[in-house]
Amino acid sequence: MLAMNYRGPQRVRVSQKPMPEIKHPQDAIVRVTRSCICGSDLHLYNGNVPDTRVGMTFGHEFTGIVEEVGPEVEKIKVGDHVLVPFNIACGKCHFCRQGLFGNCHESNSQATAVGGIFGYSHTAGGYDGGQAEYVRVPYANVGPTVIPPGMDPDDAVLLTDVVPTGYQAAEMGGIQPGDTVVVFGAGPIGIMAARCAWLFGAGRVIVIDKIEYRLEFVKNYANCEAYNYEEMDDPVVFVKKTTDWMGADVVIDAVGAEATGNTMQTITGRKLLLQAGSATALHWAINSVKKGGIVSIVGVYGPTDNLVPIGNVVNKGITIRANQASVKRLLPRLIDHVQNGILNPKALITHRIPLEDAADAYRMFSDKLDNCIKPVLIPPSARM
């Protein structure tokens, strides 16, 4: 089968790989119909995540047709068109029973933090992902969800990560009616977080980034304020000034390891890899939220240390909430929101690209070319 093949930092190609096989009675084999490239994939692509091994196939956002199921799979059947959450979750462990599907202990039992994730390095279990023609899906009674009749697959594929992660970013913020919410990062997750902030009663939503076309997009899509931090002397001072020097009620870090804007953070976190990515956006979030406010983190950082102003967290009495989105917990509500027209995920998709051209798609997305917001890879069988 054709599959994206990681060959080292900023080097990917599409090549033939062996077909996946059923390895466990609860496995399924899915023929991919849509697979996104995520901003988190760029952390892998650029070499910012440890133990990203040559030969791995990325892709944690995908939909597909069930081709084969193991003998213990009962919830889905051959021929079903499913969306597959990026979390690989057993559904039975201590954490899954709490709805923390992103922290499943069984799918990544060697780790002390994150559960299994499709196509996201061996720190997340070493599972191959969905930027391929076929993919093995473990725990098929838990994750894969049949796409409702009439739902556009372009909407469905964004329910595997972008929509639930943006929604959970707003949810973790504990937004109260009338709150001022600041989102650092105008990528797909930041855009969705800004849109979802209104669903929790925000009175004002501000997005800060440096890419003008993304700022224009989020301003229109999320009906929010959008500002370029390169036009500010200091984003923290800007936020304080525009909130009567109190600070924002809630700040969301939707950037993570590849944040720009601070030379020292960029050198130590992105160039020398002395910390788990550049923590610039996290610094801004901590320093621009009000005393007693909430910082919600969905930007991805590596599993090693970061230079974080913990003294400011303590002295300001800040609450920090962070996690991988528990997609399965949120899906029923978010499917309703899509079907009722409250959310329009597919509007974020700007490029539909053949799987065979994945290398070009990565370069375009990474370099912010052609006004790319969200690229989706389409395998050959889904184009027939």
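Predicted model: local features only at pLDDT ≥ 70, side-chain atom pairs only at ≥ 80, totals over all residues.
Residues are numbered from 1 along each chain as its sequence is written, and side-chain values use heavy atoms, with hydrogens and water left out.

Start with the overall layout. Domain 1 comes in two pieces, 2-161 and 326-383, and domain 2 covers 162-322; these bounds come from an automatic or database domain assignment. Taken over C-alpha atoms, the two centres sit 25 Å apart. Domain 1 puts 34 residues into the contact and domain 2 puts in 27, where contact means heavy atoms within 4.5 Å.

Now for the surface they share. Domain 1 and domain 2 bury about 2600 Å² between them, with 65% of that on carbon and sulfur atoms. (Buried area here is the accessible area, with a 1.4 Å probe, that two parts lose on being put together, summed over both.) On the domain 1 side, Asn48, Leu348 and Ile373 supply 23% of the area buried against domain 2, more than any other three residues.

What about the polar side of things? There are 11 residue pairs in polar contact between the domains, both residues at pLDDT 80 or more. A polar contact is a pair of N or O atoms within 3.5 Å; within protein, one must be able to donate a hydrogen and the other to accept it, and residues adjacent in sequence count only if both atoms are side-chain atoms. The elements giving two or more residues to the domain 1 side are α1 (39-45) and α10 (327-339), and α10 has the largest share, 6 residues. Helices (H or I, at least four residues) and strands (E, at least two) are DSSP runs, numbered from the N terminus.

The count of salt bridges between the domains is 1, a salt bridge being a side-chain nitrogen of Lys or Arg within 4 Å of a carboxyl oxygen of Asp or Glu. Glutamate 171 and arginine 329 also meet through their side chains in a salt bridge, at 2.8 Å from N to O.

Tyrosine 139 isn't a glycine, yet has a positive phi of about 50°; look for tyrosine 139 in the loop between β8 (134-137) and β9 (145-146). Tryptophan 245, not a glycine either, has a positive phi of about 65°, and is found in the loop between α6 (235-242) and β13 (248-253).
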